[in-house]
Amino acid sequence: MRILDISPTLRPEIAVWPGDTGFSREVALSFEKGNNLVLSGITTTLHVGAHTDAPNHYHPKGQAMHERSLERYLGPCQVIAVDCAAGTRIQVADLGVEIQAPRVLFKTGSFPNPEHFNTDFCSLSPELVAHLAQAGVVLVGLDTPSVDLYADQALLSHNAIHRADMGILEGVVLDQVEPGIYTLIALPLKIEGGDASPVRAVLVDGAMS
Ligand SMILES: [Zn+2]
């Protein structure tokens, strides 16, 4: 069994959506200060690094993070590499492979540095989301900050995902991951009312023992 870590490191340099709350960690107690232990806290947007969006992020009646059932975030997962032009949505025709697992992560390579926010990343088309839902997919994710294009205020794919009640995984790092079938583990924190949660996203390669 091999564990592939697909989460970027959370540190102040991590890029967040322009205008959102950046990640910072404040150390209250430390050995350097003469304390008997280290104690620290963080301030951050919930949409930091590898994270999942809760439905209440994109729909007024959507479930919050603590209400979400966890099945979506754990289980067989297919990584699919796609060729998409900068700033475009992935279409059904771009798939190139059969959907073979109920969780799908798209490797686009269009947001190459988690510490630099480029706005011309790729996203999903609502038609692709509907196609995946038809195929029984319960979670869709990608290696960019959003399932919609940077300038999309209508959130077309977020809404398509809401209609299908799918889970979302954004901000994963897939540059070292070969396309194929894995086991995904990306459980969200149980944050009451949360509109998202950072996750430690990993892909397990081979049988879990
Ligand atoms: Zn998000």
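Contact here means heavy atoms within 4.5 Å. By that rule, threonine 144 touches Thr108, Ser110, Phe111, Phe121, Cys122, Glu170 and Gly171, leaving aside residues up to four places away in sequence. The model is predicted. Among the partners of threonine 144 is Glu170, and Glu170 is also one of the protein donors of the zinc ion.

**Zinc site**

- Four residues supply the protein donors of the zinc ion: His47 through ND1, His51 through NE2, Asp53 through OD and Glu170 through OE.
- These donors lie 2.1 to 2.4 Å from the zinc ion.
- Along the chain, the donors follow the spacing H-x3-H-x1-D-x116-E.
- The angles among the four donor atoms run from 77 to 173°.
- Four donors count as tetrahedral if all angles lie between 85 and 135 degrees. The site of the zinc ion is irregular.
- Histidine 51 and aspartate 53 are both buried.

**Threonine 144**

- Threonine 144 sits in the loop between strand 9 (139–142) and helix 2 (156–164).
- Threonine 144 counts as buried because its relative accessibility is 0%, and the cut-off for buried is under 20%.
- A polar atom of the threonine 144 side chain lies 3.0 Å from the backbone oxygen of serine 146.

**The sheet and its edges**

- Seven strands form an open sheet in the order 1-13-11-5-7-9-10, with mixed pairing.
- Strand 1 (2–5) and strand 10 (167–169) stand at the edges. Each has a single partner strand, so one side of each lacks a neighbour in the sheet.
- From one strand to the next, the twist averages 30°.
- Strand 1 and strand 13 (residues 202–205) run antiparallel and are joined by four bridges.
- Leucine 4 has leucine 203 in strand 13 as its bridge partner.

**Strand 7**

- Strand 7 covers residues 103–107. Five of its five residues are buried, so strand 7 is largely enclosed by the rest of the structure.
- Arg103, Leu105 and Lys107 point one way from strand 7, while Val104 and Phe106 point the other way.
- Strand 5 (residues 74–81) pairs with strand 7 in the parallel sense, over four bridges.
- Alanine 81 has lysine 107 of strand 7 as its bridge partner.
- Strand 7 and strand 9 also run parallel, joined by four bridges.
- Leucine 139 in strand 9 stands opposite arginine 103.

Notes: Residues are numbered from 1 along each chain as its sequence is written. This is a predicted model: local features need pLDDT of at least 70, side-chain atom pairs count only at pLDDT 80 or more; totals for chains, interfaces and linings use all residues. Side-chain values use heavy atoms; hydrogens and water are left out. Donors are N, O and S atoms within 2.8 Å of the metal (3.2 Å for Na, K and Ca); water is not among the atoms, so sites may look incomplete. Four donors count as tetrahedral if all angles lie between 85 and 135 degrees; four count as square planar and six as octahedral if opposite donors are over 155 degrees apart and all others between 65 and 115; anything else is irregular. Buried means under 20% relative accessible area, exposed over 50%, partly exposed in between (1.4 Å probe, protein chains only). Helices (H or I, at least four residues) and strands (E, at least two) are DSSP runs, numbered from the N terminus. A polar contact is a pair of N or O atoms within 3.5 Å; within protein, one must be able to donate a hydrogen and the other to accept it, and residues adjacent in sequence count only if both atoms are side-chain atoms. Two strands pair if DSSP finds at least two bridges between them. Axes are lines fitted to C-alpha atoms, for helices over the stretch in contact, and angles run from 0 to 180 degrees between N-to-C directions.
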